[in-house]
Amino acid sequence: MDLSSLRKIADEFNSELDLALAGEKSSLRILPSFLSAPTGQEMGHYIAIDFGGSNLRVMLVVLKGQGGYEIIKQIARPLKDPQGRYDYTTDNTSGQEVFGFAADLIAEVVRGVSPDQLGLTFSYPMQQNSICSASLIRWTKELKPRQTVGRDIGKMLGEALIKKRIDIEPVAIINDTVAVFLAGCYYDSSVCAGSICGTGYNVCLLEPSRRTAADQAMIVNTEAGNFSMLPGNLYDRSLDQATDDPGQQKMEKMVSGKYLGELLRITLRDMGEKGLLPGYTPSLTIWNQPFTLPTEVLGWLQTEGSRERQMLNNWMEVNGFDNKLENLTLLKLIGSAILERAMKLIASTYIAILRRPGQINNKRQVIAVDGALFKHLPEFLAGVESILRSELPDRSVSLLYTADGSNIGAAVAAALAEDSIETDARSLASDSTPEGPQFII
Ligand code: BGC
């Protein structure tokens, strides 16, 4: 992918955003969050849930103001047990069961403490009706529990909590990009967008033309993983056909952790079939079953560390590659081609956002990021950042890695929701006429 395609993709992304803002047909969305940037002074004890990747994580977080926080307690469980005892990712489970599982984890964290509020980060496309009510548009990342699409996520979690007699209800539901925005901006007020590149991919931004109840610019979720104006190749098409949602999430399938390992697998299999991969053994499971090459392998290929080298050697041995330098060099080349394309695609969407009219005047432009690719792949964050800097040389642009962004952001959202309830109550009180009859319902 050369620079001219990168620039073309940035322009297309911008046009798709404009269409979405105008309410016209687009592969992107402008989903409201009803929230604006935090001040950094939010404080209190919050239960913060991150439901979105392969693990469900529940934390008790204390927000201390001035961008500070402390994680007091935390628990994480995979949605799919590696030992096969349960699996909440398939259509054999219902929404009720999945949220029941979440409520069990919340019960463990809540025991013995009295948090102020609960915030939920739910990392799928949702149509938000208010800060605490949002209905699921569709699943992504190959998840498919039944009786969920079109339903109110806050209500489903609320009902599960009541059923388990847990005395707390969600006051804020947010997308994980909104969470990483809030967590990043809690610490650095120059944050103007939030992005995740983990199991899935997405970006949100502060959009001046959308206003909150307090008349501030609203954070909106673009569902950038579904961006479709992209030049996919033979391998992208073959991957897409083998997924649960062919034709959807085109961008996500080219850049995110759920799919990069699969792209490597498909590419290597094709080379094997063409006689270009020494040691290729067609009967091995890896060449016959989708999603059997973990994206982690791309990280091992990028690292010189002895632990990673050991993991890579074991993986190569199990999968029929003889550990010759020639083989290793080939794998590294293909691995870096896949990663480099992902970095350029991601950078092009960020460039589009940083150049938007509502963002352009900011002196410093910071994008808060989180997710396994930024966290675990050496050079990924720096690689994307360096493309941004060379394409936008006249600006001060940086990426802020926001650890635990999904949970900390859920806590900040719960604090903001609490404030907005208080503001509503105050404005109701000041709106009411002291003279005349008062009706109490
Ligand atoms: C979802 C987004 C989410 C992203 C990152 C995508 O599959 O559609 O809502 O933000 O993954 O988790």
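**Leu381**

I started with what Leu381 touches. Leaving aside its neighbours within four places in sequence, I found Leu381 in contact (heavy atoms within 4.5 Å) with Val369, Phe374, Leu399 and Tyr401. Leu381 sits in helix H13, residues 380-391; helices here are DSSP runs of H or I with at least four residues, strands are E runs with at least two, and both are numbered from the N terminus.

I then asked: is Leu381 buried or exposed? Leu381 is buried, at a relative accessible area of 18%. Buried means under 20%, exposed over 50%, and partly exposed in between, with a 1.4 Å probe and protein chains only. I also looked up Thr285: it is 96 residues from Leu381 in sequence, and the two C-alpha atoms are 33 Å apart.

**Ground rules I noted**

This is a predicted model, where local features need pLDDT of at least 70, side-chain atom pairs count only at pLDDT 80 or more, and totals for chains, interfaces and linings use all residues. Numbering runs from 1 along each chain as its sequence is written, and side-chain values use heavy atoms, with hydrogens and water left out.

**Ligand site**

I counted 15 residues around the ligand, the closest being Thr140, Lys141, Asp176, Glu223 and Glu252; a residue gets in if one of its heavy atoms lies within 4 Å. By class, the shell holds 4 nonpolar, 7 polar and 4 charged residues.

Next came the polar contacts, which are pairs of N or O atoms within 3.5 Å. A polar side-chain atom of Thr140 is 2.6 Å from a ligand oxygen. For Lys141, a polar side-chain atom lies 2.8 Å from an oxygen of the ligand. Asn175 also has a side-chain N or O atom 2.8 Å from a ligand oxygen.

How much of the ligand does the protein cover? On its own the ligand has 310 Å² of accessible area (Shrake-Rupley, 1.4 Å probe), and the protein covers 99% of that. Helix H4 (176-187) and strand S10 (201-211) are the elements giving two or more residues to the shell.

**Whole chain**

The C-alpha trace spans about 90 × 55 × 40 Å along its principal axes. Buried residues make up 54% of the 441.

Terms used
A polar contact is a pair of N or O atoms within 3.5 Å; within protein, one must be able to donate a hydrogen and the other to accept it, and residues adjacent in sequence count only if both atoms are side-chain atoms. Ala, Val, Leu, Ile, Met, Phe, Trp, Tyr, Cys and Pro count as nonpolar, Asp, Glu, Lys and Arg as charged, and the others, Gly among them, as polar.
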